[in-house]
Amino acid sequence: MSTVAVVGTGVIGASWAGLFLAHGLDVVATDPAPGAEERLRTALEGTPTDRLRFVADAGEAAAAADFVQENGPEREDVKHALFAVLDEAARPDVILASSSSGLLPSVIARGCPHHPERVVIGHPFNPPHLIPLVEVVPGRDTAPEVVDRAVAFYTSVGKRPIRLSREVPGHIANRLQAALWQEAYSLVERGVATVADIDTAIAYGPGLRWAVLGPFLNQHLSGGAGGLAHVLAHLGPPTEEWWRDLGRVHLTPELAETLVAGVDAERAGTDDRALVAARDAVLNRLLAAKAAQPDLP
């Protein structure tokens, strides 16, 4: 695969384009929004763009591609209309991968009357050019070899793909995030802690360990010689009590206002661009440190 069509060049699409260009691939980008090409080229400053071509039509981009990475709005009607164009224009062997963060691939594939078997979710984490994870999710009609090829392609551009055995709304990582957000929002709503306190609790507590190892391996290591079996035997019952006490929260306008105000207070005096740059700098150092540790899975 030498040419990738990046369909939709917002925050996620632009980051995908930067990754593909950095790995020496040709990128044909498209986005119908006014000024999209200028914003994309601004986002890619510092990235060699001699292999980048911007076209106005999604079908033209798909026709030129060996792989399509779609990044359109999270709406079924928009996806169906867009994938109908991609399905019509792309060669039958070209994978149509969606960056959708929660829609089911079987639902998206309804927009592909010709070749629904080549539709797959390739969900990245923001920013895709830095965060290695890609969730590869097949739909009901997705051919197994399409999943294999998608995993191989993402691996070839430095990603860490995982494949889901079956589709669920939100895939894996977003469902785990949603579970944490539910309790975080509930703690704020109940007045247990501030937004800043909760961010500190994660960023300077379990989040540091989660950035190195996942929840299961961290839990195993916390059990000492007995490992996970010891943790489950001794901390399982109180954990079940905590589960029953977790908050059930509704995102009311009042709660949304409280959360936004809390974030505004936490970031007071901090420029978002500087915050993004600092985050990305730490991510780069963290990824380099992880790569230098052969014992990490």
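Analyst: Sorted by class, the residues that line the second largest pocket are seven nonpolar, seven polar and four charged. Here Ala, Val, Leu, Ile, Met, Phe, Trp, Tyr, Cys and Pro count as nonpolar, Asp, Glu, Lys and Arg as charged, and the others, Gly among them, as polar. Before we go on, please keep in mind that this is a predicted model, in which local features need pLDDT of at least 70 and side-chain atom pairs count only at pLDDT 80 or more, while totals for chains, interfaces and linings use all residues. Residues are numbered from 1 along each chain as its sequence is written, and side-chain values use heavy atoms, with hydrogens and water left out.

User: What volume does the second largest pocket have, and which residues lie nearest its centre?

Analyst: The general idea is that rolling a probe the size of a water molecule over the atoms shows where empty space is left. On a 1 Å grid over the protein atoms alone, a pocket is an open set of points where a 1.4 Å probe fits, with protein on both sides within 12 Å along at least five of seven lines, and lining residues have an atom within 4 Å of a point. Grid points are joined across faces, edges and corners, and the volume is the space filled by probe spheres set on the points. In this case the volume is about 440 Å³, and of the 18 lining residues, Val11, Ala14, Ser15, Ala43 and His129 lie nearest the centre.

User: Which helix gives the most to the lining of the second largest pocket?

Analyst: Helices (H or I, at least four residues) and strands (E, at least two) are DSSP runs, numbered from the N terminus. H1 gives the most to this lining, with four residues, and H1, helix H2 (36-43) and helix H13 (272-291) each supply at least two.

User: Next, how many aromatic pairs does a search of the whole structure find?

Analyst: A pair of aromatic rings is described by the distance of the centres and the angle of the planes. Rings of Phe, Tyr and Trp (its six-membered ring) pair if their centres lie within 6.5 Å, and planes under 30 degrees apart count as stacked, over 60 as edge-to-face and the rest as tilted. The search finds six such pairs here. One of them is the tilted pair of Phe20 and Phe153, with 5.8 Å from centre to centre and 40 degrees between the planes. This pair links distant parts of the chain, since Phe20 belongs to helix H1 (residues 11-22) and Phe153 to helix H6 (residues 144-156), 133 residues apart. Phe67 and Tyr154 make an edge-to-face pair, at 5.6 Å centre to centre and 80 degrees between the planes. Because Phe67 lies in strand E4 (residues 67-70) and Tyr154 in helix H6, that pair ties together parts 87 residues apart in sequence. Ring pairs also link Trp16, Phe20, Phe67, Phe153 and Tyr154 into a cluster.

User: Where does the charged end of Lys159 sit?

Analyst: A charge sits over a ring if NZ of Lys or CZ of Arg is within 6 Å of the ring centre and within 35 degrees of the ring normal. The charged end of Lys159 sits over the ring of Trp16, 5.4 Å from its centre.

User: Are Phe67 and Tyr154 buried or exposed?

Analyst: Buried means under 20% relative accessible area, exposed over 50%, and partly exposed in between (1.4 Å probe, protein chains only). Both Phe67 and Tyr154 are buried. Phe20 has 0% relative accessibility, so Phe20 counts as buried, and Phe153 is buried as well, with a relative accessible area of 4%.

User: Which residues is Ala97 in contact with, leaving aside its neighbours within four places in sequence?

Analyst: Contact means heavy atoms within 4.5 Å. With those neighbours left aside, Ala97 is in contact with Phe67, Val68, Gln69, Glu70, Val120, Gly122 and Tyr154. Ala97 is found in strand E5 (residues 95-98) and counts as buried because its relative accessibility is 0%. Val6, in strand E1 (residues 3-7), is likewise buried at 0% relative accessibility, and among the residues that Val6 touches beyond four places in sequence are Phe20 and Gln69.

User: Finally, which residues does a cis peptide bond join?

Analyst: The bond joins Asn126 and Pro127, with omega about 0 degrees, and Pro127 has its place in the loop between strand E6 (119-124) and strand E7 (133-138). For another backbone angle, look at His171, whose phi is near 60 degrees, a positive value in a residue other than glycine. His171 lies in the loop between strand E8 (160-163) and H7.
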